[in-house]
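Open the model in your viewer and keep the selection panel at hand. The tour below goes from one selection to the next.

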Amino acid sequence: MTDTIRFILNGKLCEISGLPPTMTLLQYLRGPAGLCGTKEGCAEGDCGACTVMVARLEKDGSAPYRSINACIALLPSLDGRQIVTVEHLRNVAAGALHPVQQAMVECHASQCGFCTPGFVMALTNELNNNPQADDTAIHDAISGNLCRCTGYRPILEAARRAKDMPRVDIPADAAALASIARTKMFSYEMPAGKFFAPVTPDELADVLAQYPDAYMLSGGTDVGLWVTKFHMDLPVIVYTGNIAALRGVTDVDGNLEIGAAATYSEAFAALAKRGAGMEDLLRRIGSLHIRNAGTVGGNIANGSPIGDGPPPLIALQAEIILRSQKGTRSLALEKYFIAYKKQDRQPGEFIEKIIVPKRAENTLFATYKVSKRFDQDISAVCAGFALDMDGGVIRAARLCYGGMAATPKRAAAAEAALVGKPWTREALADAAAAMDKDFTPLSDMRASAAYRQSVAKNLLKRFFIETTMPEVKTGVYRHAG
Ligand SMILES: Cc1cc2nc3c(=O)[nH]c(=O)nc-3n(C[C@H](O)[C@H](O)[C@H](O)COP(=O)(O)OP(=O)(O)OC[C@H]3O[C@@H](n4cnc5c(N)ncnc54)[C@H](O)[C@@H]3O)c2cc1C
Ligand code: FES
Ligand code: FES
């Protein structure tokens with residue numbers, strides 16, 4: 001017996017069956033639902049033309065809306081959610097334009113109009129949650145929206161103007177969400193494939209034991225693209241996003257425990273406190289829409305050599321807990337990455353949580369990302385540095401890089417050149433020279449090998465300057481600490 005997919009779309013309950021589990025929300029909206037206001041630009045989470053608002057019922061009874069990219073959200077993962085598309089704005093504004101739409105008109109913030117529904121939804125979502133959003137918050141809200149004709153100034157002006165207009169709130173319906181919440185695993189089984197959404201870690205372990213070749217799905221910001229870009233068949237999908245126990249972010253005696261299914265947005269505040277550069281780095285992972293869906297666990301599990309989570313987490317000595325029906329085991333995060341696309345995960349196992357230990361007071365730490373664009377761009381090089389100091393001498397060094405090898409990788413020779421020495425220009429020069437033995441980076445569309453090698457050394461130099469010469473201003477945003 002299969003369940004039907006249930007969600008509230010623009011205020012109405014929808015019950016869906018008979019559609020393939022890999023259909024995206026965008027395909028559903030523009031197809032069976034006949035709601036063509038939400039646009040398809042890239043179908044890979046990059047342009048924001050497909051932005052919609054989605055709320056889910058949280059443990060505390062709240063149901064905040066988040067902006068997401070409908071183009072890479074698989075339809076059954078929306079089971080139990082409330083969705084608002086651009087068509088609904090005239091309903092909440094009693095037939096008039098929503099203030100954001102009105103301000104877009106007044107500020108001439110639309111030309112061809114293709115991007116406009118996406119910008120409207122991103123800004124509506126932001127102002128709905130944060131009516132006094134400042135320019136930084138507005139910038140973040142539209143960090144995943146591209147406009148090719150208008151330019152961004154009129155859109156920013158529209159956002160500022162909308163703040164001063166009478167408010168039109170879009171509250172989520174927590175009671176309706178409670179009425180469609182699942183208390184046991186959601187199973188959607190169609191001829192085209194099966195989709196399971198367990199609600200406890202035990203159920204997840206059981207279903208993975210039954211289907212060891214299943215594809216795990218968390219935020220879908222990688223998996224969604226396997227469907228829309230690579231046209232992969234995913235016969236069995238197991239979704240982690242409904243397991244409350246996997247979404248928690250807790251401080252246990254100073255150690256930060258991040259459930260693998262916590263999104264970057266959910267883990268943001270706690271992670272940002274972990275050290276210099278973390279907040280800047282987190283703000284540069286994808287866009288706000290990507291961070292509202294993408295999880296810390298998915299970022300590690302995909303094993304990408306250019307994922308932004310692993311370098312700082314390895315420098316901070318994070319460990320991961322892997323779980324299956326057979327039990328749990330813990331692993332230093334750096335040991336999880338064996339080779340390109342090869343990770344230490346057995347069939348039936350899943351990442352349950354990531355533990356970031358309390359940082360010692362005498363540890364110097366910083367993390368950096370270098371990419372061509374500030375927002376929504378994959379790193380050319382990402383680095384996380386930690387030096388454990390003992391009376392001015394480096395007792396231990398962890399210098400971890402992304403983008404420099406086939407996996408996130410520590411610079412072992414450079415680290416060895418630092419240990420036992422004072423943190424001086426000479427030690428820095430020795431470490432930079434040793435780094436040539438650590439890496440033979442690739443040239444690709446993001447950066448040449450020579451550029452990567454040079455950036456890796458220069459980031460260490462920046463770390464030295466920021467930790468030894470606080471009076472020197474190295475970046476627009478901050479100093480290390
Ligand atoms: C437009 C765009 C921009 C992006 N920008 C960045 C960026 O700036 N920096 C960056 O690092 N990444 C970026 N990404 C990649 C992606 O968003 C992140 O890697 C994200 O954290 C993946 O998490 P997810 O939950 O969406 O993973 P999913 O797509 O759900 O899954 C990713 C992989 O992990 C597996 N998996 C998921 N959860 C678990 C689990 N609990 N246990 C075991 N396996 C699991 C899945 O089977 C899959 O193989 C971007 C992606 C897009 C589309
Ligand atoms: S269509 Fe481009 S982000 Fe979805
Ligand atoms: S108005 Fe044409 S893409 Fe933005």
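Start with the shell around ligand 1, in this predicted model: by class, the shell holds 13 nonpolar, 16 polar and 4 charged residues. Select Gly 219, Gly 294, Gly 298, Asn 299 and Ala 301 next; of the 33 residues around ligand 1, these come nearest. Then colour the elements that each give two or more residues to this shell: β8 (215–217), α9 (223–228), α12 (288–293), α13 (296–301) and β16 (350–356). Which element gives the largest share of the shell around ligand 1? Helix α13 does, with 4 residues.

Now step back to the domains. Select residues 1–181 for domain 1 and 363–468 for domain 2, as given by the domain assignment of the protein. The C-alpha centres of domain 1 and domain 2 are 40 Å apart.

For the last stop, select residues 425–438, which form helix α17, and residues 449–468, which form helix α18. Their axes lie 10 Å apart, and the helices pack at an angle of about 160°. An angle over 145 degrees counts as roughly antiparallel, and α17 and α18 are therefore roughly antiparallel to each other. Their crossing is right-handed.

Show the side chains at this contact. On α17, pick Leu 428, Ala 431, Ala 432 and Met 435. On α18, pick Ala 456, Lys 457, Leu 460, Lys 461 and Phe 464.

How values were computed:
Residues are numbered from 1 along each chain as its sequence is written. Chains are lettered from A and ligands numbered from 1 in the order in which they are written. This is a predicted model: local features need pLDDT of at least 70, side-chain atom pairs count only at pLDDT 80 or more; totals for chains, interfaces and linings use all residues. Domain bounds come from an automatic or database domain assignment. A residue is near a molecule or strand if its C-beta atom, placed from the backbone, lies within 6 Å of it. Ala, Val, Leu, Ile, Met, Phe, Trp, Tyr, Cys and Pro count as nonpolar, Asp, Glu, Lys and Arg as charged, and the others, Gly among them, as polar. Axes are lines fitted to C-alpha atoms, for helices over the stretch in contact, and angles run from 0 to 180 degrees between N-to-C directions. Angles under 35 degrees count as roughly parallel, over 145 as roughly antiparallel, 65 to 115 as roughly perpendicular and the rest as oblique. A crossing is left-handed if the near helix is turned anticlockwise from the far one by less than a right angle, and right-handed if clockwise. Two residues are in contact if their C-beta atoms, placed from the backbone, lie within 7 Å.
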